[in-house]
Amino acid sequence: TLLEQSNEIYPRLDALGARMQNGLSELFVRYNITATVVRQGSAFCAYFMDHAPVDWHDIAENHDMERDLRYRRALIARGVYHFPLPTKQGSISAAHTE
């Protein structure tokens, strides 16, 4: 069960989340895209702005919603499902691998 395996599963999910955050951040830098990837454990979100948001007003004022939507649609077109609405988090589960 999840409880019995929590000492293995949660550190693994956190490591996969860190890998996702670092990989996305590196890609945004490589392609000169202004974005900040925030993460808590295995949940992550890319914000197309130059800082981590502090609240919804900050997101509404600074996040490039149109770019976010294009990003998500491009992922889906390539077979990577990412909820197709701007600012929705992505999640990594125990079923995911490196």
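A residue counts as buried under 20% relative accessible area, as exposed over 50%, and as partly exposed in between (1.4 Å probe, protein chains only). At 5% relative accessibility, F48 therefore counts as buried. The structure is a predicted model, in which local features need pLDDT of at least 70 and side-chain atom pairs count only at pLDDT 80 or more, while totals for chains, interfaces and linings use all residues. Residues are numbered from 1 along each chain as its sequence is written, and side-chain values use heavy atoms, with hydrogens and water left out.

The protein chain holds three helices and three strands. Helices (H or I, at least four residues) and strands (E, at least two) are DSSP runs, numbered from the N terminus. Read from that end, the elements follow the order α-β-β-α-α-β. The C-alpha atoms fill a box of roughly 45 × 30 × 25 Å along the principal axes. Of the 98 residues, 28% count as buried. The chain exposes about 6,800 Å², and carbon and sulfur atoms supply 53% of this area. Accessible areas come from the Shrake-Rupley method with a 1.4 Å probe; for residues, only the protein chains shown count as cover. Contact means heavy atoms within 4.5 Å. Among contacts between residues at least 6 apart in sequence, 37% join residues at least 24 apart.

The sheet comes next. Strands of a sheet pair through backbone hydrogen bonds, either parallel or antiparallel. Here, three strands form an open sheet in the order β1-β2-β3, and the pairing is antiparallel. Strands β1 (36-40) and β3 (90-91) stand at the edges with a single partner strand each, so one side of each has no neighbour in the sheet. Two strands pair if DSSP finds at least two bridges between them. Five bridges join β1 to β2.

A nonpolar core is a set of buried Ala, Val, Leu, Ile, Met, Phe, Trp, Tyr and Cys residues joined through side-chain atoms within 4.5 Å. The largest such core has 11 residues: I9, L13, L16, L24, F28, V37, F44, A46, F48, Y71 and I92. Two or more residues come from each of α1 and β2. The most come from α1, which gives five.

Aromatic rings were examined separately. A pair of aromatic rings is described by the distance of the centres and the angle of the planes. Rings of Phe, Tyr and Trp (its six-membered ring) pair if their centres lie within 6.5 Å; planes under 30 degrees apart count as stacked, over 60 as edge-to-face and the rest as tilted. The whole structure contains three aromatic pairs. F28 and F48 form an edge-to-face pair, 5.5 Å centre to centre with 75° between the planes. This pair links distant parts of the chain: F28 lies in helix α1 (residues 6-30), and F48, 20 residues apart from it, lies in the loop between β2 (43-47) and α2 (56-62). Both F28 and F48 are buried. The rings of F48 and Y71 have centres 5.3 Å apart and planes at 70°, so this pair is also edge-to-face. Y71 belongs to helix α3 (residues 65-77), 23 residues apart from F48. Y71 counts as buried because its relative accessibility is 16%. Together, F28, F48 and Y71 form one aromatic cluster.

Several loop residues are also buried. H63 lies in the loop between α2 and α3. At 6% relative accessibility, H63 counts as buried. Leaving aside neighbours within four places in sequence, H63 is in contact with A46, Y47, F48, M49, D58, D68 and T87. The C-alpha atoms of H63 and H51 are separated by 9.4 Å, with the two residues 12 apart along the chain. T87 sits in the loop between α3 and β3. T87 counts as buried at 18% relative accessibility. H82 is also found in the loop between α3 and β3. With a relative accessible area of 8%, H82 is buried. Beyond its neighbours within four places in sequence, H82 has contacts that include F44, Y71 and K88.
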